[in-house]
Amino acid sequence: MRKYYTLLPALCLVSLMAQGQKIKKSEVKRILSTLAADDMEGRATFKPGAEKAAVFLEKEFAAAGLQPLAGDHDFRQSFFQYDTKPLRLDLVLNGQPASGDRLFVSGVESNISWTQDTKVEVAQISAADNFDNKVRELKRAAHNTLVWVDSEQSEKFTQYAKGLLQRGSEKQDSTSTVVFILKQGAEAVNNWSVRAGQEVTRLPLCNIAGMITGSEKPDEYVIFSGHYDHIGILAPVEQDSIANGADDDASGVTAVLMLAKYFKEHPPVRSILFVAFTGEEIGGYGSRYFSRQLDPEKIVAMFNIEMIGKESKFGKNSAFITGYERSDFGQILGRNLASSKFRFHPDPYPEQQLFYRSDNATLARLGVPAHTISTTQIDKDTLYHSVNDEMESMDLDNITSIIQAIATSATSIVDGKDTPSRIDKTAVSSRR
């Protein structure tokens with residue numbers, strides 16, 4: 001009996017790794033080469049190549065045996081981004097017209113007419129606040145909001161407002177309107193009115209999302225995700241103009257599909273959501289929309305997978321996890337791989353702020369242990385966002401081993417045995 005108990009952990013690990021071997025390199029190659037092919041035209045958001053990729057992913061989700069998300073009829077999670085162009089800005093303070101330069105608007109309403117009697121939330125940007133971070137935070141407000149900006153922020157305010165005018169238009173996805181007004185000195189504003197008009201164009205987008213319902217804990221969710229959009233067609237380099245995005249992030253989306261096939265064969269205790277996000281390259285719009293459809297308290301963990309196409313700085317059989325120190329997510333994964341050669345490491349590039357630069361960021365801000373798994377050597381990757389991020393640069397053996405490791409390391413989470421600690425929302429800075 002003693003020998004039996006000694007061998008049991010090793011036997012369990014062998015069993016898990018044997019299951020992981022069902023991740024087939026030939027399938028990895030087929031999916032990755034399809035997404036990174038020239039006929040996908042770099043999968044730029046709003047372009048035909050992105051639509052072609054979405055159709056391919058829908059078929060793959062169906063072939064994997066996934067179901068649409070609860071309440072959806074298919075795998076498309078459709079929504080809109082809005083292109084807004086300001087037409088008129090009128091501001092009255094204490095009964096006197098004030099310069100429109102002291103006003104800018106974020107939102108997707110064509111016409112805005114507010115006074116001090118309008119029911120809106122009121123917020124402040126103080127002299128001590130980080131202006132850019134505070135604006136990003138307030139633009140995501142859940143309710144219509146009037147923001148008074150301290151006069152000490154006038155330089156940053158003016159730069160921001162001029163930038164909006166110079167660009168001529170701004171892409172937004174907010175469902176609320178936020179009006180920012182710059183105060184002058186210590187002026188007391190007793191009454192005010194804002195009238196603004198803007199030209200609004202709706203631009204359709206879609207995430208591709210499916211799920212496997214958990215056998216015992218169907219209302220607890222684990223997410224595997226990557227983004228299928230890239231940057232499209234660039235200026236030609238040696239007659240090549242297509243930024244194929246093989247590593248960024250066809251490699252991650254390939255992992256999502258392979259994990260869907262894997263867990264369909266090994267039904268989970270908790271429900272699993274598999275998502276290919278759109279709009280990551282232009283501001284994370286897909287993940288932002290997705291996060292609004294879910295109760296973050298029901299999301300146990302998010303495995304966001306981005307740029308796993310090449311060997312990490314730690315060598316083969318390794319990857320890193322962004323925000324490793326923010327929860328015990330990485331420690332759990334590490335324990336599940338303790339007797340294998342594979343290792344997950346903390347993010348070696350903290351100065352790059354990668355934790356905030358991918359689709360995990362939105363849910364992490366809501367307290368979800370949402371992390372990105374990657375191998376990119378981002379500090380010296382000369383192929384990043386170039387026409388040379390192609391299939392030929394991919395290490396298929398390494399990609400396959402990473403997907404196998406993710407499948408094995410995630411097992412205790414999807415089976416309800418481990419629950420990662422939540423991220424401290426107050427410690428997560430606003431970046432998008």
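Tyr 221 sits in strand β10, which covers residues 217-227, and this is a predicted model. Tyr 221 has a relative accessible area of 17%, so this residue counts as buried, the limit being under 20%.

**Around Tyr 221 and β10**

- On one side, β10 pairs with strand β13 (residues 270-277) through eight bridges, and the two run parallel.
- Within that pairing, Ser 271 is the residue of β13 that bridges to Tyr 221.
- β10 also pairs with strand β14 (residues 299-305), here through five bridges, and again the run is parallel.
- On the β14 side, Tyr 221 has Ile 299 as its bridge partner.
- Both bridge partners turn up again in the contacts of Tyr 221: leaving aside residues up to four places away in sequence, Tyr 221 touches Met 211, Ser 271, Leu 273, Lys 298, Ile 299, Val 300 and Ala 301.
- For a sense of distance, take His 266: 45 residues separate it from Tyr 221 in sequence, and the two C-alpha atoms are 16 Å apart in space.

**The four-stranded sheet**

- Another part of the model has an open sheet of four strands, in the order β3-β8-β6-β5, with mixed pairing.
- β3 (103-106) and β5 (121-125) are the edge strands; each has a single partner strand, so one side of each has no neighbour in the sheet.
- On average, neighbouring strands of this sheet are turned by 20 degrees against each other, with direction ignored.
- Inside the sheet, β6 (residues 145-149) and β8 (residues 178-182) run parallel and are joined by five bridges.
- If you want a spot to look at in that pairing, Val 149 stands opposite Leu 182 in β8.
- Helix α4 (residues 131-139) packs on the sheet and touches β3, β5, β6 and β8. The direction of α4 makes about 165 degrees with that of β5.
- Helix α5 (residues 154-167) packs on the sheet too, touching β3, β6 and β8. The direction of α5 makes about 60 degrees with that of β3.

- Thr 177 is in the loop between β7 (170-172) and β8.
- Not counting residues up to four places away in sequence, Thr 177 touches Val 105, Ser 106, Gly 107, Glu 109, Ile 112, Trp 114, His 143, Asn 144 and Thr 145.

- The largest pocket has a volume of about 550 Å³.
- Its lining has 20 residues, and those nearest its centre are Glu 137, Arg 140, Ala 141, Ala 142 and Leu 366.
- α4, α7 (285-292) and α9 (361-365) are the elements that give two or more residues to the lining of the largest pocket.
- By type, the lining of the largest pocket has six nonpolar, seven polar and seven charged residues.
- The second largest pocket comes in at about 470 Å³.
- The second largest pocket is lined by 20 residues, with Arg 136, Lys 139, Glu 170, Tyr 285 and Arg 288 closest to its centre.
- At least two lining residues of the second largest pocket come from each of α4, α5, β7 and α7, and α4 gives the most, with four.
- The lining of the second largest pocket splits into four nonpolar, five polar and 11 charged residues.

- The peptide bond from Asp 248 to Asp 249 is cis, with omega near -5 degrees. Asp 249 belongs to helix α6 (residues 246-265).
- Gln 353 is not a glycine, yet its phi is positive, near 55 degrees. You'll find Gln 353 in the loop between β16 (343-346) and α9.
- With a relative accessible area of 29%, Gln 353 is partly exposed.
- His 385 is another non-glycine with a positive phi, about 55 degrees. His 385 is in the loop between β17 (370-374) and α10 (396-414).
- His 385 is also partly exposed, at a relative accessible area of 27%.

Terms used
Residues are numbered from 1 along each chain as its sequence is written. This is a predicted model: local features need pLDDT of at least 70, side-chain atom pairs count only at pLDDT 80 or more; totals for chains, interfaces and linings use all residues. Side-chain values use heavy atoms; hydrogens and water are left out. Buried means under 20% relative accessible area, exposed over 50%, partly exposed in between (1.4 Å probe, protein chains only). Contact means heavy atoms within 4.5 Å. Two strands pair if DSSP finds at least two bridges between them. Axes are lines fitted to C-alpha atoms, for helices over the stretch in contact, and angles run from 0 to 180 degrees between N-to-C directions. On a 1 Å grid over the protein atoms alone, a cavity is a set of points where a 1.4 Å probe fits but cannot get out, and a pocket is an open set with protein on both sides within 12 Å along at least five of seven lines; lining residues have an atom within 4 Å of a point. Grid points are joined across faces, edges and corners, and a volume is the space filled by probe spheres set on the points. Ala, Val, Leu, Ile, Met, Phe, Trp, Tyr, Cys and Pro count as nonpolar, Asp, Glu, Lys and Arg as charged, and the others, Gly among them, as polar.
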